[in-house]
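Good morning. I have one structure to show today, and I will go through it from the outline to the details.

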Amino acid sequence: MFTSITGFAAVILYVGGFCYLLNKLLKQPNFNTSMLQTLAGGAIVLHGLATVQLLFVADGLDLSLFRIFVLIAFVINLVVFVSGRKKPLYSMYLLLFPISALSLICLLYTSPSPRDKRQSR
């Protein structure tokens with residue numbers, strides 16, 4: 001349950017951050033990025049919490065396909081976020097936010113992996 005809440009909250013922040021960035025880039029290309037960094041930071045923290053909960057299961061690590069997509073999206077977002085503190089990399093979020101949101105949605109809506117099914121018995 002906690003995984004779903006954090007995952008969907010991260011999706012909401014990713015979509016909100018994407019809309020905010022797109023709006024700001026279309027209206028005024030030179031804008032203060034503090035709001036975008038706040039949205040990105042919150043989304044990345046929630047994405048990380050959801051990723052950890054989804055990867056670690058009772059039997060160890062579950063490295064199924066969609067879970068790895070979510071992990072890769074998290075790591076790329078984290079690297080861009082940390083690197084973006086010194087360089088203006090915020091335009092990369094136009095591609096990364098939708099990819100991250102879609103990977104989380106795909107994982108949260110797909111059927112559980114065989115390890116998850118064994119846990120629920």
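This is a predicted model: local features need pLDDT of at least 70, side-chain atom pairs count only at pLDDT 80 or more; totals for chains, interfaces and linings use all residues.

First, the layout. The protein chain has 5 helices and 2 strands. Reading from the N terminus, the order is α-α-β-β-α-α-α. So much for the order of elements; now the dimensions. Along its principal axes, the C-alpha trace spans about 55 × 25 × 20 Å. The chain has 121 residues, and 36% of them count as buried.

In soluble globular proteins, nonpolar side chains tend to be buried together. Here the largest nonpolar core has 21 residues, and Tyr-14, Tyr-93, Phe-97 and Leu-104 are those with the most contacts inside it. Which helices supply this core? At least two residues each come from α1 (2-27), α2 (34-55), α3 (65-83) and α4 (93-109).

Take Tyr-93 from that list. If we set aside neighbours within four places in sequence, what does Tyr-93 contact? The partners are Phe-18, Leu-21, Leu-36, Ala-40, Asn-77, Val-80, Phe-81 and Pro-98.

Now a residue in helix α1, namely Ala-10. Is Ala-10 buried or exposed? Buried means under 20% relative accessible area, and Ala-10 counts as buried because its relative accessibility is 0%. Not counting residues up to four places away in sequence, Ala-10 touches Ala-43, Leu-46, His-47 and Leu-104. As for Leu-46, it is 36 residues from Ala-10 along the chain, yet the two C-alpha atoms are separated by 5.3 Å.

Last, the charged pair. How many salt bridges does a search of the whole structure find? The search finds 1. Arg-67 forms a salt bridge with Asp-62, and the closest N and O atoms are 3.1 Å apart. Where do these two residues sit, buried or exposed? Both Arg-67 and Asp-62 are buried.

That is the tour, and I will stop there.

Methods. Residues are numbered from 1 along each chain as its sequence is written. Side-chain values use heavy atoms; hydrogens and water are left out. A nonpolar core is a set of buried Ala, Val, Leu, Ile, Met, Phe, Trp, Tyr and Cys residues joined through side-chain atoms within 4.5 Å. Buried means under 20% relative accessible area, exposed over 50%, partly exposed in between (1.4 Å probe, protein chains only). Helices (H or I, at least four residues) and strands (E, at least two) are DSSP runs, numbered from the N terminus. Contact means heavy atoms within 4.5 Å. A salt bridge is a side-chain nitrogen of Lys or Arg within 4 Å of a carboxyl oxygen of Asp or Glu.
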